Amino acid sequence: MQSRGVARNSLGLSAVRSCLLLLFIHLSAPVEARRVRGGRAQTRRVQQQQTPPPYRERVEGAESFPLDFTAVEGNMDNFVVQIKNLAQSLYPCSAQKLDQDMKLHFLKNLSVTCNDGSPAGYYIKESKGSKRWLLFLEGGWYCFDSQTCESRYETMRRLMSSTKWPLTRTGRGILSPQPEENPHWWNANMVFIPYCSSDVWSGATPKTDQSKTQCVIAQCVRGLADSGWFLDNKQYKFTDCLDTISCAPTEAIKRGIRYWGGLVPESCRQAHVGEEWNCFFGYKVYPTLKSPVFVAQWLFDEAQLTVDNIHLTGQPIHEGQWRYIQKLGQELRLTLRDVPAMFAPACLSHELITRADWTDIRVKGISLPRALHCWDRSLHHNLHINSSHGHQKHTTPPVRGCLLQLIDSCPWPHCNPSCPTIRDQLTGQEMSVIQFLKHMGFDVQKMAQQQGMEPKKLLGMLNNGN
């Protein structure tokens with residue numbers, strides 16, 4: 001064990017030396033410098049040393065980007081691009097000896113288990129020197145009685161047992177260790193907590209009558225809700241509550257909260273005494289929260305449509321279903337009107353922050369990573385205000401230049417051109433927005449007439465995402 005530790009330290013030291021070496025090579029590369037004489041700028045060439053020291057060897061696998069500081073005067077954007085290139089060229093050097101995957105750790109507390117009694121656990125990737133921590137709670141629906149839980153165990157055992165969890169996980173999206181995929185938090189400490197209790201993270205039913213589990217999260221906590229802003233709306237077609245898919249969310253939660261022994265935030269419980277099920281719906285629990293929360297939500301969430309009995313199975317939908325989908329987007333917009341920090345694209349999808357392409361999706365030209373970074377900066381900038389006036393979740397102003405209320409105004413699914421790629425469920429082929437809408441039974445002529453506009457203008461809006 002001791003020899004392994006020495007080897008590891010020497011490898012780490014070697015990596016540090018390589019990074020310092022590469023940085024030195026970059027800064028000593030030929031650059032154009034300007035001197036001002038008599039009000040006129042003249043160019044002076046800065047030459048490299050003719051004979052570099054013997055230790056100035058090329059770092060294998062790293063790409064060198066000479067810096068041209070004259071770009072600063074003409075175009076700051078070019079200079080920033082060069083700095084980014086430099087940072088990216090240095091990054092492989094700093095990470096080449098590091099294991100970037102998150103590693104599995106099982107909990108030793110035997111009273112905290114998955115549904116089948118196997119131990120609960122978490123995946124972690126520590127980043128030495130970083131004070132930032134990202135804790136991700138996995139989603140995965142629920143079961144609300146013995147029958148639905150038995151069915152769930154047969155079809156989704158991974159979400160009820162840890163017996164086949166892999167030893168490592170590779171993070172995607174906001175959990176990615178790659179700066180190209182995760183530009184602002186790639187070097188944070190990351191914890192992925194798998195979901196295996198089927199209780200929407202609320203259950204408090206102990207394994208035995210003597211078991212007690214307690215978890216306290218306090219101080220500098222801020223939340224990010226991804227695709228969990230469900231509505232307790234009326235289903236398109238009412239069905240009996242026989243399974244977790246057809247059962248209306250309201251009825252399922254009412255049954256589940258008893259079955260799980262579910263707990264909700266105390267402030268929300270007091271606001272809904274006797275009807276604590278309300279606290280499982282984002283727009284109802286949000287006003288009772290003290291910590292700041294950023295909401296990322298598709299306006300046309302696939303999971304919401306499924307429980308509302310709108311099944312997009314590749315067949316054209318009826319006009320009534322189409323109107324219901326549009327109304328869903330309108331209702332969701334209304335519930336978000338008092339949320340100061342949000343990202344809500346008019347797309348048909350589910351889950352956002354753990355997608356590898358999460359940087360490509362934009363609202364008003366702004367990506368989710370950029371919006372989250374602005375929100376984070378705003379919270380830091382106003383920390384002294386929050387400290388003197390208590391938690392001011394709703395009144396914290398954004399940093400100048402930051403837009404935090406990002407919600408699409410176009411009324412149809414995938415009217416935003418940056419929405420994720422749509423594929424035909426039968427053929428697997430990619431579809432354009434117009435192809436997708438026509439495939440769903442969208443009548444351009446009729447819809448344009450309803451909106452009081454020319455069909456060509458409507459098609460233009462769909463293509464441009466307006």
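**Labels and their cut-offs**

Mentor: Let me begin with Gly 441, which counts as partly exposed at 43% relative accessibility. Keep in mind that this is a predicted model.

Trainee: Why is Gly 441 called partly exposed?

Mentor: Buried means under 20% and exposed means over 50%, with partly exposed in between. The value for Gly 441 is 43%, so the label is partly exposed. Gly 441 sits in the loop between helix H12 (433–439) and helix H13 (444–451).

Trainee: What does Gly 441 touch, leaving aside residues up to four places away in sequence?

Mentor: Pro 316 and Ile 317.

Trainee: On to charges. How do you know that Glu 138 forms a salt bridge with Arg 158?

Mentor: The cut-off is 4 Å from a side-chain nitrogen of Lys or Arg to a carboxyl oxygen of Asp or Glu. For Glu 138 and Arg 158 the closest N and O atoms are 3.1 Å apart, so the pair qualifies. By this rule the count comes to 10 salt bridges.

Trainee: What does the pair of Glu 138 and Arg 158 tie together?

Mentor: Glu 138 is in the loop between strand E5 (133–137) and helix H4 (146–155), while Arg 158 is in the loop between H4 and strand E6 (168–169), so the bridge ties together parts that are 20 residues apart in sequence. As for accessibility, Glu 138 is buried at 10%, whereas Arg 158 is partly exposed at 47%.

Trainee: Why does the contact of Glu 154 with Arg 157 count as a salt bridge?

Mentor: The N to O distance is 3.9 Å, and the limit is 4 Å, so the pair of Glu 154 and Arg 157 is included. Glu 154 has a relative accessible area of 60% and is exposed; Arg 157, at 39%, is partly exposed.

Trainee: And what makes Glu 319 and Arg 323 a salt bridge?

Mentor: Their closest N and O atoms are 3.1 Å apart, and that is within 4 Å, so the label holds. Glu 319 and Arg 323 are four residues apart in helix H9 (residues 319–335), which separates them by about one helical turn. In general, an α-helix has 3.6 residues a turn, so residues three or four places apart point the same way. Glu 319 itself is partly exposed, at 39% relative accessibility. Elsewhere, salt bridges that share partners join Arg 132, Arg 222 and Asp 376 into one network.

Trainee: How do you know that Arg 333 has no salt bridge?

Mentor: The nearest side chain of opposite charge, Asp 408, is 6.9 Å away, and the limit is 4 Å, so no salt bridge is assigned to Arg 333. Arg 333 lies in helix H9 and is buried. Its contacts, not counting residues up to four places away in sequence, are Leu 299, Ile 407, Asp 408, Ser 409, Cys 410 and Pro 411.

Trainee: Back to H4. What makes its buried residues line one face?

Mentor: The buried residues of H4 include Thr 148, Cys 149 and Arg 152. Seen down the axis of H4, its buried residues fall within an arc of 100 degrees, so they line one face of the helix. They pack against helix H5 (249–260). On the other side of H4, Gln 147, Glu 150 and Glu 154 are exposed.

Trainee: Why are E5 and E6 called edge strands?

Mentor: The open sheet has five strands in the order E5-E7-E4-E3-E6, with mixed pairing. E5 and E6 each have a single partner strand, so one side of each is left without a neighbour in the sheet. E5 pairs with strand E7 (residues 189–193) in the parallel sense over five bridges, and Trp 133 stands opposite Asn 189 in E7.

Terms used: Residues numbered from 1 in each chain as written. Predicted model: local features only at pLDDT ≥ 70, side-chain atom pairs only at ≥ 80, totals over all residues. Heavy atoms only, no water. Helix = DSSP H or I, 4+ residues; strand = E, 2+ residues; numbered from the N terminus. Buried < 20%, exposed > 50% of the residue type's maximum accessible area, 1.4 Å probe, protein only. Lys, Arg positive; Asp, Glu negative; His and termini not counted. Contact = heavy atoms within 4.5 Å. Arc of directions from axis to C-beta. Pairing = 2+ DSSP bridges.
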